[in-house]
Amino acid sequence: MSPANRLLVIKWVHTLIWLFFVAVILYILYSGIFDDVDKYTWVGIGLIIGEGIVLLIFKMFCPLTVMARKYSDSDKDNFDIFLPNWLAKYNKLIFTTLYVIGLIIVLIRTVF
């Protein structure tokens, strides 16, 4: 497989995984806002914590970004994923903020 095709596969996989984690974060937020906390909320919280650990291990980079770097010398934030560049650039800030808000609401709903 050519380097361009390998990068394309990584971009598709990365985008699909990103969509999954965005859905998980939005579900956590939804669960908290609508007081519908269930086992899937807690599984989602665990998945996001796991994702955070992976990012810490890879120095705040997704392992797929590290892999994609072998096939591209682009300096754009979205070289490895099918997102607008502005969203790729602020992705961690936006979705970490949404996750923390959702987590706080879930914890408030379950403690009080």
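Student: How do the residues of the lining of the largest pocket divide into nonpolar, polar and charged?
Tutor: The lining holds 23 nonpolar, five polar and seven charged residues. Keep in mind that this is a predicted model.

Student: Which residues lie nearest the centre of that pocket?
Tutor: Glu 51, Leu 55, Cys 62, Asn 91 and Lys 92 lie nearest the centre. They belong to a lining of 35 residues.

Student: And which elements give two or more residues to the lining?
Tutor: Helix 1 (3–33), helix 2 (39–57), helix 3 (63–69) and helix 4 (85–111) do. The largest share is from helix 4, with nine residues.

Student: How much space lies in the largest pocket?
Tutor: About 910 Å³.

Student: Let's step back. How many helices and strands does the chain have?
Tutor: Four helices and zero strands. Along the sequence, the pattern reads α-α-α-α.

Student: What box do the C-alpha atoms fill?
Tutor: Roughly 55 × 25 × 25 Å, along the principal axes.

Student: What share of the chain counts as buried?
Tutor: Of its 112 residues, 31% are buried. The chain exposes about 7400 Å². Carbon and sulfur atoms supply 72% of that area.

Student: Now the core. Which residues touch the most other members of the largest nonpolar core?
Tutor: Trp 18, Ile 28, Ile 48, Leu 83, Phe 95 and Tyr 99 do, in a core of 15 residues. Helix 1, helix 2 and helix 4 each give two or more residues to this core. Helix 1 has the largest share, six residues.

Student: Pick Ile 28. What is Ile 28 in contact with, leaving aside neighbours within four places in sequence?
Tutor: Its contacts are Thr 41, Gly 44, Ile 45, Ile 48, Tyr 99, Gly 102, Leu 103 and Val 106.

Student: Which residues does the second, separate core include?
Tutor: That core has five residues, among them Leu 7, Leu 64, Ala 68 and Phe 79.

Student: Switching to Ser 31. Where does Ser 31 lie?
Tutor: In helix 1.

Student: Is Ser 31 buried or exposed, and why?
Tutor: Ser 31 counts as buried because its relative accessibility is 0%, and the cut-off for buried is under 20%.

Student: What does Ser 31 touch, not counting residues up to four places away in sequence?
Tutor: Asp 36, Val 37 and Thr 41. Thr 41 is also among the contacts of Ile 28.

Student: Last one. Among contacts between residues at least 6 apart in sequence, what share join residues at least 24 apart?
Tutor: In this chain, 66% of them do.

Terms used:
Residues are numbered from 1 along each chain as its sequence is written. This is a predicted model: local features need pLDDT of at least 70, side-chain atom pairs count only at pLDDT 80 or more; totals for chains, interfaces and linings use all residues. Side-chain values use heavy atoms; hydrogens and water are left out. On a 1 Å grid over the protein atoms alone, a cavity is a set of points where a 1.4 Å probe fits but cannot get out, and a pocket is an open set with protein on both sides within 12 Å along at least five of seven lines; lining residues have an atom within 4 Å of a point. Grid points are joined across faces, edges and corners, and a volume is the space filled by probe spheres set on the points. Ala, Val, Leu, Ile, Met, Phe, Trp, Tyr, Cys and Pro count as nonpolar, Asp, Glu, Lys and Arg as charged, and the others, Gly among them, as polar. Buried means under 20% relative accessible area, exposed over 50%, partly exposed in between (1.4 Å probe, protein chains only). Contact means heavy atoms within 4.5 Å. Accessible areas come from the Shrake-Rupley method with a 1.4 Å probe; for residues, only the protein chains shown count as cover. A nonpolar core is a set of buried Ala, Val, Leu, Ile, Met, Phe, Trp, Tyr and Cys residues joined through side-chain atoms within 4.5 Å.
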